[in-house]
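Thanks for coming. I will walk through one model this morning and keep to what can be read from the coordinates.

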Amino acid sequence: MWIETTLHSALGLILHHSEYVDPTLVDWLKDKINQITGVSATTIVVVLGVATAAFPIGLMALALRRARRARRHNR
Amino acid sequence: MANGQNSPKTNEPEVVFYGWYIVAAMFFTSLIGVGSRQGFGVFVKVWEEDFGTSVGMISVAAGIGWTVNGLVQPVAGSLTDRFGGRRVMTFGLIGMGLATIGVGLMPNVYGLIVMYGFVLSALAGGAFGTPTTSVISRWFQRKRGMAISFVMAGGSAGGLIMVPFAAYLLVISDWRTAWFVMGGIILLFGLPLVVGIVRDNPADMGFEPDGDSAGDPEEPNAVPHQIRVAPLETTHWRDSVHSAPLWQLSVAFWVCGITTGMIAVHFVRWAESQDISAGTAALAFGVLSVINGAGLIVVGWISDYMPRKNLLGVVYLVRAGAFLALIFLPGQAALWSFAVLGGMSWLATVPMTNGLTADIYGLRNIGMINGLIMMSHQLGGGVAVIAAGVVFDVWGTYHAAFVAGFATLVLAGVVSFSINERKYSIRYQKPLPNTPTVATAASDGD
């Protein structure tokens, strides 16, 4: 029985290193986001997706600009 | 974060030290790597229906994944020492991205156990964690604590961004598409950052750690430039096993794993046993996560200006206070006290433990040693998850488990305070007079 308890609740992990998020927290978070924003799931996916993509694209742009400046200075 | 060093290639003053670009790249790989693994919980209900299986069987994949990820850390560390963090992370991210897509192709729960529990979790060990902190430790010496904190904060941000992203993706599509998209994000955005930006050593680009000018005496907490070898740096990592700090750090981090693992898995069940609703417990988790992210950065920054072992000891004792609240306070008061005290100490142990490891053992075998310490954490967590389950089944309460958690945290605090940082950390070494370029720190074996 204890192993069942343990395995059953193994999904209740919260954010430490790379454990798994609690499904209850996810449901609660979804409800709150829906309550506050009132926007559709598609809109939220697009917003979060753009936010996720913007960071690496911006960082790569900065790194490339730095490298280009270095090359220009070398010439 | 301007620094005084000129770019070695252009001789122009560097506005932002290149190491911070690497920190930003690793922040993002932690965000997508940790975030996509944490997103596992989102798919449980749909897998239950789609695979026609029980939560218990799906949990086997999760449990195996945790253990495999812990066991693979020393391997990832050893590979990092041998081939460099950039190569290991590149391979890890390619593998992790493909395995994430592979999860979306699994026909049944057994496929999920193999693909997620073994393949994805093993490859994730190479994508972030030990290789990440090892590379950052090479780029930063004075600001090591803060730099590692920023990278770790990426994991916290991943939980806040990737998990809702996965949850809403599931609403508008199906679970297979969601895993394809997450795998695509790892390959399309994470991989180019590592390949394009991450470099193993500052010397590869002609920089000094922290972007310092050579031998800058102006920096308040600068390590004397002549000292290149940490006091317990050895040729082979096996020699480190005979030194006390490795055991002190491992024991303390083992306790970190015990207490976070126990709470992570059993907190909701405890809350329910105290007549607290699951929603309220989830809200407390949210508060804990936010305090965790803020506390992590603050503690990492402070740790660069004071003895790290004292701060580490305080963090463990603060967490012990959180367990004391669970033992003595009634339901709601215990919940919120734990959320605040636990949040302050949740991830803060990581930058100080990794920072101390690099300060004491140097960079030659940093990957392997970090991996060993990380393994003790994960194994402690695994044991505690099972033990706390047994305690609840036998006594119908978590009281004994929380008392054990409190006792081990006090032990971890005492052990952390007992680390002789002044003797063994490179931060406190003084160069011998008239030896401007020779390492002065002895490589003794304690």
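**Starting from one leucine**

Leu59(A) sits in helix α3 of chain A, which covers residues 41-74. Before going further: this is a predicted model. Is Leu59(A) buried or exposed? Leu59(A) has 20 C-beta neighbours inside 10 Å, so it counts as buried. The cut-off for buried is 20 or more.

What does Leu59(A) touch, once its neighbours within four places in sequence are left aside? The contacts are Ala24(B), Ala25(B) and Leu193(B). One distance from the chain A side: Leu59(A) and Leu48(A) are eleven residues apart along the chain, and their C-alpha atoms are separated by 17 Å.

**The two chains**

Chain A has 75 residues, and 35% of them count as buried. Its content is three helices and zero strands, in the order α-α-α from the N terminus.

Chain B has 446 residues, with 59% counted as buried. There are 17 helices in chain B and, again, zero strands. Take the contacts in chain B between residues at least 6 apart in sequence: 83% of these join residues at least 24 apart.

The largest nonpolar core holds 145 residues, and the members that touch the most other members are Ile22(B), Ala25(B) and Ala166(B). Which helix gives this core its largest share? That is helix α8 of chain B, residues 144-172, with 16 residues.

For Ile22(B), leave out residues up to four places away in sequence. What remains is contact with Val135(B), Trp139(B), Ile197(B), Val198(B) and Arg199(B). Val135(B) and Trp139(B) are among the buried residues of α7(B), and that helix is the next item.

Helix α7 of chain B runs over residues 130-139. Ten of its ten residues are buried, so the helix is largely enclosed by the rest of the structure. The buried residues include Thr130(B), Pro131(B), Ser134(B) and Arg138(B).

How do α7(B) and α8(B) pack? The angle is about 150 degrees, and the axes are 10 Å apart. The crossing is right-handed. On the α7(B) side the contact uses Thr132(B), Thr133(B), Ile136(B) and Ser137(B), and on the α8(B) side Arg144(B), Ala147(B), Ile148(B) and Val151(B). By class, that contact of α7(B) with α8(B) has four nonpolar, three polar and one charged residues.

**Helices α5 and α9**

The second pair is helix α5, residues 85-103, and helix α9, residues 175-197, both in chain B. They pack at about 165 degrees with axes 7 Å apart. The two helices are therefore roughly antiparallel, as angles over 145 degrees count that way. Their crossing is left-handed.

Which residues make this contact? From α5(B) they include Met89(B), Leu93(B), Gly97(B) and Ile101(B). From α9(B) they include Phe180(B), Gly183(B), Ile186(B), Gly190(B) and Val194(B). The contact of α5(B) with α9(B) divides into 15 nonpolar, five polar and one charged residues.

Last, some loop residues. Asp210(B) lies in the loop between α9 and α10 of chain B, where α10 spans 244-273. Its phi is near 70 degrees, a positive value in a residue other than glycine. Is Asp210(B) buried or exposed? With 25 C-beta neighbours inside 10 Å, it counts as buried.

Asp212(B) is also found in the loop between α9 and α10 of chain B. Asp212(B) has 22 C-beta neighbours inside 10 Å, so it counts as buried as well.

Asp275(B) is in the loop between α10 and α11 of chain B, with α11 covering 278-303. Phi is positive for Asp275(B) too, at about 60 degrees, although this residue is not a glycine.

Notes: Residues are numbered from 1 along each chain as its sequence is written. Chains are lettered from A and ligands numbered from 1 in the order in which they are written. This is a predicted model: local features need pLDDT of at least 70, side-chain atom pairs count only at pLDDT 80 or more; totals for chains, interfaces and linings use all residues. Axes are lines fitted to C-alpha atoms, for helices over the stretch in contact, and angles run from 0 to 180 degrees between N-to-C directions. Helices (H or I, at least four residues) and strands (E, at least two) are DSSP runs, numbered from the N terminus. Angles under 35 degrees count as roughly parallel, over 145 as roughly antiparallel, 65 to 115 as roughly perpendicular and the rest as oblique. A crossing is left-handed if the near helix is turned anticlockwise from the far one by less than a right angle, and right-handed if clockwise. Two residues are in contact if their C-beta atoms, placed from the backbone, lie within 7 Å. Ala, Val, Leu, Ile, Met, Phe, Trp, Tyr, Cys and Pro count as nonpolar, Asp, Glu, Lys and Arg as charged, and the others, Gly among them, as polar. A residue is buried if 20 or more other C-beta atoms lie within 10 Å of its own, exposed if 12 or fewer, and partly exposed in between; C-beta atoms are placed from the backbone. A nonpolar core is a set of buried Ala, Val, Leu, Ile, Met, Phe, Trp, Tyr and Cys residues joined through C-beta atoms within 7 Å.
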